[in-house]
Every structure is written in structure tokens, then in C-alpha cells.
Amino acid sequence: MPVKLARNRYVVFKLTSLNEEQEFSVSELFNTLQNSLLKLYGEVGASEAKLKVIPTQNPTLFIAKCSHKAVDKILTAASHITSIDGKNVIVSPVLTTGTMKKIREKLKTYLSISPEAGMKKPSQTSEH
Amino acid sequence: MLKAAEKLNIKGIALPGFEDYKQLNEKHKLLNEVKSMFRVELYTRANISASSVKEAVKLVNKLRRKIDLICIKAFNKTLIDYALRDKRVDLILLEPYPNFKITASLFSLARQNDIAIELHLAHLLRAEGLPRSKLIGFYKLITAYSTKEDAPLILSSGAKNWYELRNFPALSSMSKVLGLSKEAILDSTINYPKKIISRNTFLKSSKLPCGVEVL
């Protein structure tokens, strides 16, 4: 029976800044998170994380897809971020799930945003 | 900073700057005005950075029961020795690389007198590369001693700017790097601060002398 070796985790992060209009592109978010991961855990640690960033329609939220073994590393690396592209922000984790479906459900419950409006299909996500 | 704290759903913040006992009334008035504007509980805090024990004792005498938290910045061995024995002191702030040796006896004394050792995680955000790795090593040493001696440890954001503030999930993920267990993280970020605040709020309102316990 085939065994799936690498399970994924989806971590939703919230961006907090004093300037409400600040929006960041996927590549900016990815580069910042990847750099923070690289600084904290080195090249091997960063490669093991298998990081991808998935945007949401809510500009203050984004999803980080990573290996299930690297969730703690991603959370720690994100907590160490103080600025993205020279603009000061606070990145705080909101929730962690194993599937995108669960994220939709949980966000609908806890953050009361429309799941269809908030999420993009996996085909629309940018991969790095 | 309070606006950012509100956005992060932080329940309470201890505001430093209440060291000058002559200006306490004015500062309390200002605090009461600000309190109503935000959905964050505000507590008063004095970070005492005295050069001698005599000066520290004088400040503790003047400030006790007038503010919520009394914290002593541990600069030298004599000051930390005094702070660990004075039960009126709530916290001892360990800034990175003090000029005395960190030993297990410090933490043992802290446990006996119920005085918490505080670490500011904002130092980790400000440092990068080798300084950060040294800092993590220093903080790991402190958390290891604290776990071994079962001494109260408080991990706070220690923010000087709004973007250095961290809520509980972020603080807990940062603390995992320092080798703390889930229970220890919960204690150091929520339970101990809550315990100290409730103890001091009770003492502020009652007329019981220090050291007397209500059974």
C-alpha cells in the first residue's frame, strides 16, 4: 500500500500593522518568511520546510503551506519577522490545519469571512 | 503601541515608567484617561535600575502598593542578591549578558521567595546572525536553570516599538526555541503574570501588611 511520506500543514498568519492600507505580494511574503527561516535554521532547515505561500482575498491574512515536520520552525520564523519590504508589521499565527478544507471551515467559524471569497483555488496559488 | 496591542487581542499590558514616585499621581491620571480609549487592561510597572542596594530599597519602599509591578533590573551581583531576598519585589529583569555569573542558587532563591525572573523576547527580534545565536544560548541557559530549580520565569515581549509586540501564539512559538515545555510556556506567559497581578491588586486594595497571608 502506498504511503504518503510527506504530509502537509497549512498555517494561517495574520499581518498586523498600524497602516490599514498596506498590502504585500506573495513573493514579498514568501521571501521574508524564507529569509527568516534561513537565518534561524540555516539552509538545511529551510529546505526541509518545503515552504509555499498561498494568498487569501483578505490582505491581512496569508497561508503558509509546509511540511508537517516543519510547522514549529515556520511558526518561530514568522514570529521573528518585524518588517516586510521595509514596512513594519507583526506576523502572528492564527491557526494550523492539515487540509485547505479545514482552513475554510475554521476561518468561516472564527474569523467570520466567506470561505469562497477568502480563499483561492489551489490551481491559482503561486508555487516557489 | 496600545492600538497594536488591541489589534493583536492582547488582554493586558504593564506600562513601565512609574519609577518616579513624585510624579505618580499625574501618571495615574494620565493612565486613567488612556484606559477608557482602548480595550486593553493597563497595569503600572516600575523598572528599578538603581546603582546601589540602598537606593533600590528606598524606591521599593516608596512604590510598594502604589503600582502593580515592581521590577528590578539586575545589573550587578549585590543588587540581584538583595532583589532575590526582598519579597516585595515581583520581578527581576535579566538583560542579556549581566556582569555576574548565572548560577542555580539564584533560581533556587527565586523559587523560595516567589520572585519571578523575567526575560524580554524583543532582544531576539533586534539581534541577527551571531549575536542572536549567542542570545538564544544565554536564554536557553536561563530557561534550563529555571526548569531545573522550578523557579518562576516570565517571558514577555519587552517591546519598545509597536512592531515588537507579540501575542500569546507568537510568544509561545518563540519560546519553543528556548527549550521550554508547553506547560512551562503557559506558566511563563499567562499563569505567573496573572498570579502576580492578582496578588498585587489584592494587596493594593487591602490593608494587610506585606507577608501576612489570608487563610
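Because four of the five residues of strand E3 (residues 69–73) of chain B are buried, the strand is largely enclosed by the rest of the structure. Buried denotes under 20% relative accessible area, with a 1.4 Å probe and protein chains only. Helices (H or I, at least four residues) and strands (E, at least two) are DSSP runs, numbered from the N terminus.

This is a predicted model, in which local features need pLDDT of at least 70 and side-chain atom pairs count only at pLDDT 80 or more, while totals for chains, interfaces and linings use all residues. Residues are numbered from 1 along each chain as its sequence is written, chains are lettered from A and ligands numbered from 1 in the order in which they are written, and side-chain values use heavy atoms, leaving out hydrogens and water.

## Strand pairing and crossovers

E3(B) pairs in the parallel sense with strand E2 (residues 41–48) of chain B over four bridges, pairing requiring at least two DSSP bridges between the strands. B:Ile72 in E3(B) is the bridge partner of B:Ile48. E2(B), helix H3 (residues 53–63) of chain B and E3(B) form a right-handed β-α-β unit; right-handed means that, with the strands pointing away from the viewer, the path from the first strand over the helix to the second runs clockwise.

Strand E4 (residues 91–93) of chain B also pairs with E3(B) in the parallel sense, over three bridges, and B:Ile92 in E4(B) is the bridge partner of B:Ile72. A right-handed β-α-β crossover leads from E3(B) through helix H4 (residues 77–85) of chain B to E4(B).

## Confidence in chain A

Chain A has an average pLDDT of 83, and 85% of the residues score at least 70; pLDDT is the predictor's confidence in each residue, from 0 to 100. Within chain A, confidence is highest in helix H2 (residues 71–79) of chain A, at a mean of 94, and lowest in helix H4 (residues 115–118) of chain A, at 40.

Methods. Buried means under 20% relative accessible area, exposed over 50%, partly exposed in between (1.4 Å probe, protein chains only).
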